[in-house]
Amino acid sequence: MSGGNRVRGGVGVPVPKKDAPALLTGKPVYVEDIAPRDCLCVKLMHSPHAHAVIEEIDVSRAQKMPGVACILTHQDVPGTRFTQAGQTYPEFSPYDRLILDRHLRCVGDPVAIVAAQTERQALAAMRLIRVRYRVLPAILDAAQAMDNETLIHPEADWRALVPDCGADNRRNLVAAGEDAHGDVEAELAACDVVIDRTYETGANQQCMMETFRAFTRMDAYGRLEVVSSTQVPFHVRRILATALEIPKSRVRIVKPRIGGGFGAKQTAVCEQYPAIVTLKTGLPAKIVYTRGESMTLSSPRHAMRMHVRLGAMRDGTIRAIDLHTLSNTGAYGEHGPTTVGLSGHKSIPLYTHNMKAFRFSWHTVYTNTMSAGAYRGYGATQGLFAVESAVNELAHALDMDPARLRERNIVREGEVMPAYYGETAASCTVDRCMARAREMIGWEEKYPARTLPNGHVRAVGMALAMQGSGISNVDTGAVLIRLGDGGVYNMSIGATDMGTGCDTILAQMAAQSLECPVDNITVHGVDTDTSPYDCGSYASSTTYVTGMAVVKTCEQLREKIVRVGAKLLGCAPEDALFEGDGVRRADGSAGVSLAEIANAHMMAGTEDISACVSSGSPVSPPPFMCGCAEIDLDPQTGEVKLVDYAAVVDCGTVINPNLAMRQTEGGLMQGIGMALYERPQMDHLGRTVSNSFLQYKIPTRVDAQRIRVEFAPSYEPTGPFGAKSIGECVINTPAPAIADAVYNACGVRVRSLPITPEKLLLGEREA
Amino acid sequence: MNVTLTLNGRQVTAAVEADDSLYTLLRALGMHSVKCGCETTNCGLCTVHMDGKAVLSCSVPAARCDGHAVTTLEGMQEEAKRLGECLAGEGAEQCGFCAPGLMMNVFALAKENPHATEAEIDAYLAGNLCRCSGYVSQRRAVKRYLESMEVQP
Amino acid sequence: MARYKDYVAAQSLEEAYALNQKKSAVIVAGNMWLRMCGLNRQMAIDLCRLGLDGIEETQDAFVIGSMTALRALETDAALNAAFGGAFAAALAPIVGTQFRNTATVGGSVYARFGFSDVSALLLALDAQVVCFKRGAVPLSLYQKEPWDRDIITHIRIPKGQRAAVCSVRTSATDIAALVCAAARSQAGMRMVLGARPARAMIVADALAPESGADVFEAIAARTPFGSNLRASEAYRRKVAPVLMARCAQACREVTA
């Protein structure tokens, strides 16, 4: 970039997050902190049954309780079905929900909405609601769902907006399909070795520290204002308008600071409940999910069962991969049709180099379990656990170092990836990621395992990962930048910072483009009334998609500033140069400062100095990474301690090294949790028993103390400053890497997560 | 019933229910830094000081605080600024929701063990969950904060 | 969420005891588990103003107030010196420092939590539970009884023993999947298993200090174990001898 010396805190600089001072002094900036004090408290009564129909519901006694403002049942809500999934047109999610339904499809499904002046009063009233249920047979096992005689969505008004995704409510199917290239059966038949295995992952919880919450009120214009902890404000507007049967023009969504999302808040899990209360009563209302609710009626990862057939020649050439994924969407379709695709499309392409054929087929089914949603990795995490584990198993079958095996087969920069929609890997340093990660962990000395004097076994394992950067031809981000008086830039974005720091990194890109200090760019939270459209922060889209919109907006703004500056200087725009702090004549004879330009156009102004450009991408360039785990196994108890994790990431250009590093470390830790500690469990009646931080253990700071991250940047030609995404890719390697390290330590192959001491101690040794 | 406590150095009298927690009381008194992240004493988000000791405000009966001194991050803004700079310098706060509870426990650690090693820092802060950061940067930031305290007069 | 209508910070043990004779009353100690249990009572009786927090060392015992925080036991120099650091080892893995600053030893003992690390250790050390009305009761007996309406004032731990604690946990700070505590005195070695997942129990008394693997295998074979979210019966049975051997070893080491 030119003018680098005027830039402060531009691209590549670890500037602190713009909201850090407020967050770190405990200022009231989150939803609950800014909710009006007189808000009604909204509580949900939950279904005790996995599958039932409400025969009768009596709220008469409850309604008379002190403080109660309203109690709503299925008789009180609009009859239009909708989806809670925050997705862009065309919506793959079936419209299969009502705000309250007579038909209850999982334990926790809302039976009634109670709004009272205080939480105490709401809960007291709820205890007096009498419900008679007709209990129906429940389908809890995804393998039993398809074509089961029990139908989870028999309703006539069930509607799939994209019918060719294979959705069929008469078969409990939300999606089915196949993508193939070449003759996979013939290739597998010709292979020397075929690894044929089934892997399973569970419905992991995102566990953002701030649970789901929102408050609603009527504004001065008689419109519904919703302040929500969401990743997708614009989608929430559409979802609420549909669910409440009101025009979108009557809904406004505001996103303040939010306490983490990781995909959970890409689903409008809770907004409709206070919204309908406010519409019915005209009073402000708020809902704050308990942790228990957040873990039983939320939007966890899709549990998947993946059958992999991986074919290779004796020399380690991988020729064919056949993957079938059975995904459990739970009670509602939501993200079911889309997540499943990533299990194959973001795992198989890693092995493009010698691949002759692949087949990826899938089914996503309804069951009577909690509805699944979006969780960082979005299906890729599950698929990569299966494919990367299979590759590690292949290495053992061939008696080959898994690193060498991968070197032979991984995708190279410039290669076309048939399993990735035919896209070309225009930027890819996965080879360098692997080489460096091996060096960092000491692979050569440590692979596969060694026994310590205390009897513990130290072992290493590795895995690769990829993801996308936004959804090609779908995701859109727009950025609006205005030049204000005195020469300050106000940047409006619709992308939602959920703690990731996107407000800051997008400002860094703007500072770089506008050749100014990052402090001269102001940003704020999202407001659907004033922010330009952005599909939201998900699918690893913000840095890449919205970032590109920043670049394009800044280009346009520079041109405008030069035009106004040239006018003030009395020269043609072609003879003037943008220099960050002002505009000068190309011959150097005169200049005018940015402040003067800004102020001049505000006096009887004729031209608004602002720009707003929208950006999308025809491609979704994958970030890549390699993770190497070193574990310590106590062979007498089966306890595993992760002693070291080395990861090297290719996310293209690193915009903010600190924040990219935190994203990576945080994602790795979640992946480590999924691998070793987090155990989603349900009882035989479909009740989630891992419903708290007591029973669902996320990693603490004592569990994994050493995580080391480096970058091996490529340059993505279609990305802003060469950047790709980072947020999701980083969660994918720990499970397969740790599973192989564990196998190297004790010979037990864990194909169903998590890896528990029990499985290692009592499991069958395969080596 | 009424309780009178010293909140961030000021005497406050407030009406509480018998089964209110200190957390509920503090939020009602406008102490917005105090967050709640679970119902099972596991997350550490609601950590405040009672008579100088870090406690989970979700588990202390509000009524028990009568006559005691309670401190929240609102009452430690100077210290918060210093520790905050160490955390922000690493980008270690991420979403920031767990930060006030973490910081209150770091202040307790600083008092109890100002020369804590990295392992001691981790052990002391084990009850402060964070889902964003992956913890390693927080450890570095806390270490730097403790070291900066040493050179303070 | 526990609910109660009245709160009383008792001014004397007599008052606390009298109030607690009603079934509608409940004693508040650390309020960690109590808060979570969804209990609905008329009155909560808080013992916080009775001076029951503190660790006192006498000639032949440690006398610990029932309202003493677990963290105090964990960090008390004399207590840990006397028992080979067993209290620090047993308590440090529990949740976090803030939790242990509030959770009390009396609360743990009264509730007879199966997973209680501290109860397992106290049981191994042959502790006595001092109740306001009944006086001193051996923990080994108290442990087996149903919840009563007496009030624990102190825990008394006889000195002259060496102790060790071992546990398996799937993740740090989690409740243990199995706890083993051992104490060695003149009489021999006493071995306790907790988090079976039922209440801790003495599985061997007066064991020869140099007992070997076969002895521990035999003990595990006859000890009742169950399954819960954290581990199966089979896993617990298989790991128990390992933990017993490690505790025994640790007891031997600290003696030497």
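Reader: How do you know what share of the chain A contacts joins residues at least 24 apart?
Author: Two residues are in contact if their C-beta atoms, placed from the backbone, lie within 7 Å. Take the chain A contacts between residues at least 6 apart in sequence: 80% join residues at least 24 apart. The model is predicted: local features need pLDDT of at least 70, side-chain atom pairs need 80 or more, and totals for chains, interfaces and linings use all residues. Residues are numbered from 1 along each chain as its sequence is written, with chains lettered from A and ligands numbered from 1 in the order written.

Reader: Why is chain A called as compact as a globular protein of that length?
Author: The globule rule is 2.2 Å times the number of residues to the power 0.38, and the radius of gyration is taken over C-alpha atoms. For 767 residues the rule gives 27 Å; chain A has 27 Å, so it is as compact as a globular protein of that length.

Reader: What makes helix 10 of chain A largely enclosed?
Author: Buried means 20 or more other C-beta atoms within 10 Å of the residue's own, all placed from the backbone. In helix 10 of chain A, 16 of the 19 residues are buried, so the rest of the structure largely encloses it. Across chain A, 63% of the 767 residues are buried.

Reader: How do you know the span of helix 10 of chain A is close to the expected one?
Author: A helix is a DSSP run of H or I, at least four residues, numbered from the N terminus. The expected span is 1.5 Å times one less than the number of residues. Helix 10 (residues 380–398) of chain A reaches 26 Å from first C-alpha to last, close to the expected 27 Å. Just after helix 10, A:Asp399 has a positive phi of about 55 degrees.

Methods: Buried ≥ 20, exposed ≤ 12 C-beta atoms within 10 Å, placed from the backbone. Helix = DSSP H or I, 4+ residues; strand = E, 2+ residues; numbered from the N terminus.
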